[in-house]
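Have a look at it first, then read on.

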Amino acid sequence: MNILVTGGAGYIGSHTCVELLNAGHEVIVFDNFCNSSPESVKRVQQISGRQVSLVKGDIRNRDQLESVLREFKCDAVIHFAGLKAVGESVEKPLMYYDNNVVGTVRLLEAMEATGVKTIVFSSSATVYGDPQYLPLDEAHPLSASNPYGRSKIVIEDMLRDYYRAHPDWKIALLRYFNPVGAHESGLIGEDPNGIPNNLMPFVAQVAIGRREKLNIWGGDYATPDGTGVRDFIHVVDLAHGHVAALQALTTPQCFSVNLGTGIGYSVLDVVKAYEKACGKTLPYTIADRRPGDIASCYADPAQAREKLGWEARLGLDAMCADSWRWQQKNPNGFVG
Ligand code: UD1
């Protein structure tokens, strides 16, 4: 199939492009590079030995999307493009609604105009809010405490509404848990702008010497060691989940599915595993809780197994080893 990948130059997008190419699909990346680099697309080509078509553009530009969908005779869209920093979304809510929600409206309009009726959307476990029970299954109620999370819920609702009106569409909403790690080649990985918000990229920068120490946000949670527990999932497993979702969309349907491992690891578990991977002691201090954080979050991955025939295969050691390889080979990310 010819697949338009919005946000295909980004962290999860680039890893998914590799697996789409490996599965024999043609890939057209559409990206405005606001939080990514065209270099990642070159690296995707290097890893796969295949060509990728690259279009610089903004998903809010419906006309451009329409002409790209036509020109490349796209059969399906995998929609990663969006903003994802929780703190920034609180400060700039309109920017988040504009990029994430309005951008998706424009994309759906362009798809409607060109007759492309298959879409895989990047949702997030953030749509479950503070868990009422664990593990989180897809029936758990949705809630959000910040504009980023709310933008994901709005888009999910919009896609469900759209499907009700257009039952001939094929729609998959993939709820990611905590994507970490990098491609085993060390050629692509996560390259955050500025100070990383997320745990593993921060730990990686401590290990390489770019940051002095890790602040662990809270040591008094009701978890086995007091630090937060998350369902970390290797980004390559996540990428395979997208290929599986596309394959599962053989008939019209709209479903949401968790992409997680089902295993919760604490922040301290991650620090220990990373120390093993990099062979160094990583300095940290226990600091105050980060506002908006939850104690524990992990998936019930049963539905992904049933619906997609997919399950995560790579464990925490591989996540840390692959992150460390990427960090060592690219100490300053793609630009360095
Ligand atoms: C965060 C977002 C979530 C988003 C996801 C993916 C928040 C509150 N949630 O999830 O909406 O979908 O990223 O981008 O921002 N930690 C530290 N020190 C650090 C960084 C993190 O101790 O420097 C801890 C956190 O307190 C948490 C765990 O590590 O317990 C994971 O944090 P993080 O990687 O930011 O992911 P989430 O908060 O789960």
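## Ground rules

Pockets and cavities are found on a 1 Å grid over the protein atoms alone: a cavity is a set of points where a 1.4 Å probe fits but cannot get out, while a pocket is an open set with protein on both sides within 12 Å along at least five of seven lines. Lining residues have an atom within 4 Å of a point. Grid points are joined across faces, edges and corners, and a volume is the space filled by probe spheres set on the points.

This is a predicted model, so local features need pLDDT of at least 70 and side-chain atom pairs count only at pLDDT 80 or more, whereas totals for chains, interfaces and linings use all residues. Numbering starts from 1 along each chain as its sequence is written, and side-chain values use heavy atoms, leaving out hydrogens and water.

## The second largest pocket

The second largest pocket holds about 160 Å³ of space. It has 13 lining residues, and those closest to its centre are His-240, Val-243, Ala-244, Trp-310 and Arg-313.

Helices (H or I, at least four residues) and strands (E, at least two) are DSSP runs numbered from the N terminus. With 5 residues, α8 gives the most to this lining; α1 (11–22) and α8 (235–248) each supply at least two. By class, the lining has 5 nonpolar, 4 polar and 4 charged residues. Here Ala, Val, Leu, Ile, Met, Phe, Trp, Tyr, Cys and Pro count as nonpolar, Asp, Glu, Lys and Arg as charged, and the others, Gly among them, as polar.

## The one cavity

What does the cavity search turn up? The count comes to 1 cavity of 30 Å³ or more, and the largest cavity holds about 30 Å³. Its lining is made up of His-79, Ala-81, Gly-82, Asn-100, Thr-104, Phe-121, Lys-152 and Ile-155, which split into 3 nonpolar, 4 polar and 1 charged. Helices α5 (93–114) and α6 (147–165) each contribute at least two of the lining residues.

## Around the ligand

The ligand is surrounded by 17 residues, counting any with a heavy atom within 4 Å of it. Leu-199, Asn-215, Arg-230, Arg-290 and Asp-293 are the closest. Strand β8 (residues 214–217) provides the largest share of this shell, 4 residues, and the class tally is 7 nonpolar, 7 polar and 3 charged.

Now for polar contacts, meaning pairs of N or O atoms within 3.5 Å. A backbone N or O atom of Leu-199 sits 2.8 Å from a ligand oxygen, and a polar backbone atom of Asn-197 is 3.5 Å from a ligand oxygen. Asp-293 uses a polar side-chain atom, 2.6 Å from an oxygen of the ligand. The protein covers 87% of the 740 Å² of accessible area that the ligand has on its own, with areas from the Shrake-Rupley method and a 1.4 Å probe.

Most residues other than glycine have a negative phi, and most peptide bonds are trans. Phe-33, in the loop between β2 (26–31) and α2 (38–48), has a positive phi near 60 degrees. Lys-73, in the loop between α3 (62–71) and β4 (76–79), has one of about 45 degrees.

Buried or exposed? Phe-33 counts as buried at 18% relative accessibility, and Lys-73 is exposed at 60%; the cut-offs are under 20% for buried and over 50% for exposed, with partly exposed in between (1.4 Å probe, protein chains only). There's also a cis peptide bond from Leu-134 to Pro-135, with omega near -5 degrees.

Methods: Polar contact = N/O pair within 3.5 Å; in protein donor to acceptor, adjacent residues only side chain to side chain.
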